[in-house]
Amino acid sequence: FFGIQIESERVVFILDVSGSMSELTRGRYAGSAGEPRINLAIRELGKCLDQLSQKSFFNIVPFSSSVAAWGDGMMQWTPEVLVDAKSFVQKLGAGGGTNLFGSLEFVFEDAEVDTIFILSDGEPSVGRLQDPRAIRDEVAKWNKNRDVKIHSIAIGGNLQVLEWLAKDSGGTYV
């Protein structure tokens, strides 16, 4: 996923679908505009889902001002589940604020998760916690005895909170 090898068979993809994800990426050439960030995220996640092991259990958690998972807990890979997941991802749109904390809190409630991929383009702007240091501290508490590996992808900026989450858990930051 964005160049990060998926080694887990119990993975959750947290995807920022806030309003800023409708902004354009940089174009390939100077002075040219790219595509909306949400389109890039959807395309890359679709490719990633195609590469999941048939032994995988996974879920997709889009977030903006609120958090709502695609599946009811970890979903076991089957051809039918894969089609449903890809259809769900294709229908995602951008709007609202960035509730990063709420998405992490939601995912950590599932004891089966051992790997998280976060894709976001902005600093937290809504939710119970918005301060990046406070989010980092809470996630560290939750992860102390879990050892969930967090990989994070920043689209459109260098987001320190995403870098911290990956570093603290032994994950990769891109």
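In the predicted model, helix α3 (residues 100-108) packs with helix α4 (residues 132-143) at an angle of about 5°, the two axes lying 11 Å apart. Since angles under 35 degrees count as roughly parallel, α3 is therefore roughly parallel to α4. On the α3 side the contact is formed by Phe101, Leu104, Glu105 and Phe108, and on the α4 side by Ile135, Glu138, Val139, Trp142 and Asn143.

Strand β1 was examined next. Six of the seven residues of β1 are buried, so this strand is largely enclosed by the rest of the structure. β1 pairs with β4 in the parallel sense through seven bridges, and Phe13 has Ile60 of β4 as its bridge partner. β1 also runs parallel to β6, to which five bridges join it; here Val11 is partnered by Thr115 of β6.

The largest nonpolar core contains 28 residues, and those with the most contacts inside it are Phe1, Phe13, Leu45, Leu49, Phe58, Ile60 and Leu119. At least two residues of this core come from each of β1 (10-16), α1 (37-50), β4 (57-63), α2 (79-90) and β6 (115-120). The greatest share is that of α1, which gives seven residues. Phe13 of this core touches, beyond residues up to four places away in sequence, Phe1, Ile6, Leu45, Cys48, Leu49, Leu52, Asn59, Ile60, Val61 and Phe117.

Technical notes
Residues are numbered from 1 along each chain as its sequence is written. This is a predicted model: local features need pLDDT of at least 70, side-chain atom pairs count only at pLDDT 80 or more; totals for chains, interfaces and linings use all residues. Side-chain values use heavy atoms; hydrogens and water are left out. A nonpolar core is a set of buried Ala, Val, Leu, Ile, Met, Phe, Trp, Tyr and Cys residues joined through side-chain atoms within 4.5 Å. Buried means under 20% relative accessible area, exposed over 50%, partly exposed in between (1.4 Å probe, protein chains only). Helices (H or I, at least four residues) and strands (E, at least two) are DSSP runs, numbered from the N terminus. Contact means heavy atoms within 4.5 Å. Axes are lines fitted to C-alpha atoms, for helices over the stretch in contact, and angles run from 0 to 180 degrees between N-to-C directions. Angles under 35 degrees count as roughly parallel, over 145 as roughly antiparallel, 65 to 115 as roughly perpendicular and the rest as oblique. Two strands pair if DSSP finds at least two bridges between them.
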